[in-house]
Amino acid sequence: MRTKKIARALVAAAVTVAATVLVVIGGPQPATALENGLARTPPMGFNNWNSTACRAEFNESMVLGIMDIFVNQGLREAGYTYVNLDDCWAVPAPNSRDANGNLIPDPTRFPHGIKYLADYAHARGLKLGIYTSAGTKTCNTLGFSGGLGHEQQDAATFASWGVDYLKYDNCNNQGVDPVQRYTTMRDALLATGRPIVYSICEWGRSDPKVWTWGADVGNLWRTTGDISDNWTSMIGKAQANRVLPQYAGPGHWNDPDMLEVGNGGMTATEYRSHFSLWAIMAAPLLIGSDLRKATAETFGILKNADVIAVDQDPLGRQGTVVSNDGAGHVVYARTLANGDRAVALSNETTTTATIATSAAAIGIGGSSSYTLKDLWSKATSTSSGSISASVGAHATTLYRVSRAGTTTRFEAENASYTSGSTVDANWSGYSGTGFVNTPNSAGSYVEFTVTAAQAGQARLTFDYGNGSTADRPSTLTVNGGGSTSLAFPATGAWSLWKTQVATVSLAAGTNTIRLTATGSGGVANLDYLDVTVTPTTPVQNYEAEDATIVQGVVESNHTGYFGTGFVNGDNLAGPYVEWAVTPSAAGPGTITIRYANGTAGTRTADVRVNGALVQNLSFPSTGNWDTWATATFTASLVGGANTVRVTATGTDGNPNLDRLSI
Ligand code: GLA
């Protein structure tokens, strides 16, 4: 699959040094890809446009007021950083520029200029964003000068003011090729030496579509036209944006436009859907309401830390649509860095509906138990795999789903693999530092070394990418044996990751888990292996021959017993064996008695725990005295010492009793 790569090979590799590069180079770069080290998670902040448009209330006092609220109301701590000015911050043409060609801030709106705002932001741990258009004028009809043809000068002006973010719009573009227009500004921003998040606002209009080239040019790009403060507009943006997950990743995000939460045109339910969908799609969270007038309910939505954590998850994978019934019931899932999944059950209709998916459908099947946390109600529940909710009209239920047990991550890049494999990082969304790309041939392998604390079953979750159209099947072997064939079907793109799961038995100590390609494509790009074990409480065994025996003897004349023998009680009602047991944990549990009954009839006994009758237990025939079976009952044990007494109730007495297990 190394033959499939395209130009972005250098991008991720340069991430860690990018900030340094900006400082050191300080001049024009012959860059073919944007790598400014910024926006490793989707930008969070504020933009005035959705609440003020060009009205006079967009001014210094508003911007400073928003910054104060960011600090005072905990929004900064919640992750909101950028306070961005939209259109209309400047003096309209023909006086937009001074004698030197520099843009002039509107002295009425911003009497202290823009640097004053940036300084105010920086003093508070915030950042300042600004706006212009990749055209001769910006979008507003008042006619503010745009950046086309002024890229270096305007970028330098913004940098000199301490601007940290540029939204670069598409109006009045004179038909100049968008890649050229946006690339020129990218290079102008890089040339300033100042780290500036670069937001492309091209609306997804031209061909080739901005998402196919945006990652090389900007940190985010609008995928749609402008959002409005109503359900139809908002859900339309979500629908357009959710089909583009393969283009998003750390440093380069799809942008379905700014938030309308709190602007009054939607219900709280609809705003929660809006926020949930933006989060699961890893969209920028730019608050679009005037927080100086916001209600507690609006703050509650915008500050929901669990939902923000989904949006800001460092793995940086945009959620994908798992199912869509075509009638407005849509399930999205997003793989999170720790292996959990975020799941959105979204009801686009006006009627309450049950929307369901499963752990298997979202790629973490095979476990016996899952925890579901509702990220709005905060309720947690457990499930054996079904994920479902009754979802109201225009509502979205957002869950974080975790597997029970302990999951340990093994990165493929730390495994061993066929010589000739490479550890690549050119497709974003990988965990760790990259993924393993094996030679395209049968026999290629990746082998993980997994240490298990105890022998037992483990669930394996392989995270892989397969941007080819064909399956890349592999054989799974554990410690060289037990080969199982696993499919690794196409994921839709090399930057889209899916999982394949298997349940295997591990030995205590070191195990090798190997995937060996059986097809000519080699192993799919392999990102990681999650190994999930559910620690079982060790079984405690108590031999009957060690217990208190009344009216019975220890014998060993039949085979198959544990310990040194078994107890043969007298053939009448009344004989008993009483075990003294000390459980590792108090509480209800299953108690197992191993026995043999070589007669044709069923023998019976009263079971008493700490003197209290639990039940009369049956011991059906085992056919002969060398064949052992178990009878179980449920009882609650106290912490510390307990007695379990088994007293024959029939005239045949007890069966032969071998041992008791808790
Ligand atoms: C365009 C953009 C909007 C906003 C306005 C300002 O419509 O898409 O987001 O910036 O311009 O004029």
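## Labels and their grounds

Q: Why is Y595 called buried?

A: At 3% relative accessibility, Y595 counts as buried, because buried means under 20% relative accessible area, exposed over 50% and partly exposed in between, with a 1.4 Å probe and protein chains only. The model is a predicted one, in which local features need pLDDT of at least 70 and side-chain atom pairs count only at pLDDT 80 or more, while totals for chains, interfaces and linings use all residues. Residues are numbered from 1 along each chain as its sequence is written, and side-chain values use heavy atoms, with hydrogens and water left out.

Q: What makes the pair of Y595 and F619 edge-to-face?

A: Rings of Phe, Tyr and Trp (its six-membered ring) pair if their centres lie within 6.5 Å, and planes under 30 degrees apart count as stacked, over 60 as edge-to-face and the rest as tilted. The ring centres of Y595 and F619 are 4.9 Å apart and the planes stand at 75°, so the pair is edge-to-face. The two residues come from distant parts of the chain, 24 residues apart, with Y595 in strand β33 (residues 587–596) and F619 in strand β35 (residues 612–619); helices (H or I, at least four residues) and strands (E, at least two) are DSSP runs, numbered from the N terminus. F619 has a relative accessible area of 0% and is therefore buried.

Q: How many aromatic pairs does the structure hold, and what makes the pair of F158 and W161 tilted?

A: The structure holds 18 aromatic pairs. One of them joins F158 and W161, with 6.2 Å from centre to centre and 50° between the planes, and this pair is tilted. Because F158 and W161 are three residues apart in helix α7 (residues 151–161), about one helical turn separates them. F158 counts as buried at 0% relative accessibility, and W161 is buried at 13%.

Q: Which residues form one aromatic cluster with W213?

A: Y168, Y182 and Y198 form one aromatic cluster with W213. W213 is also among the buried residues of α9.

Q: Why is helix α9 described as largely enclosed?

A: Seven of the eight residues of helix α9 (residues 210–217) are buried, so the rest of the structure largely encloses this helix. What covers these buried residues includes α8 (178–192), β5 (197–200), β6 (220–222) and β7, where contact means heavy atoms within 4.5 Å.

Q: What makes the sheet of eight strands open, and which are its edge strands?

A: The open sheet has the order β7-β6-β5-β4-β3-β2-β1-β8 with parallel pairing, and its edge strands, β7 (253–255) and β8 (285–287), each pair on one side only. Two strands pair if DSSP finds at least two bridges between them. Strand β3 (residues 127–133) is joined to strand β4 (residues 165–169) by five bridges, the two running parallel, and G129 stands opposite Y165 in β4.

Q: How do you know that D68 forms a salt bridge with R124?

A: A salt bridge is a side-chain nitrogen of Lys or Arg within 4 Å of a carboxyl oxygen of Asp or Glu, and the closest N and O atoms of D68 and R124 are 3.9 Å apart. By this rule the count comes to 26 salt bridges. D68 counts as partly exposed at 28% relative accessibility, and R124 counts as partly exposed at 26%.

Q: What makes R124 a charge over the ring of Y120?

A: A charge sits over a ring if NZ of Lys or CZ of Arg is within 6 Å of the ring centre and within 35 degrees of the ring normal. The charged end of R124 sits over the ring of Y120, at 3.4 Å from its centre.

Q: Are R403 and D530, which form a salt bridge, buried or exposed?

A: The closest N and O atoms of R403 and D530 are 3.0 Å apart. R403 counts as buried at 10% relative accessibility, and D530 is buried with a relative accessible area of 1%. The pair links distant parts of the chain, 127 residues apart, with R403 in strand β16 (residues 396–403) and D530 in strand β27 (residues 525–533).
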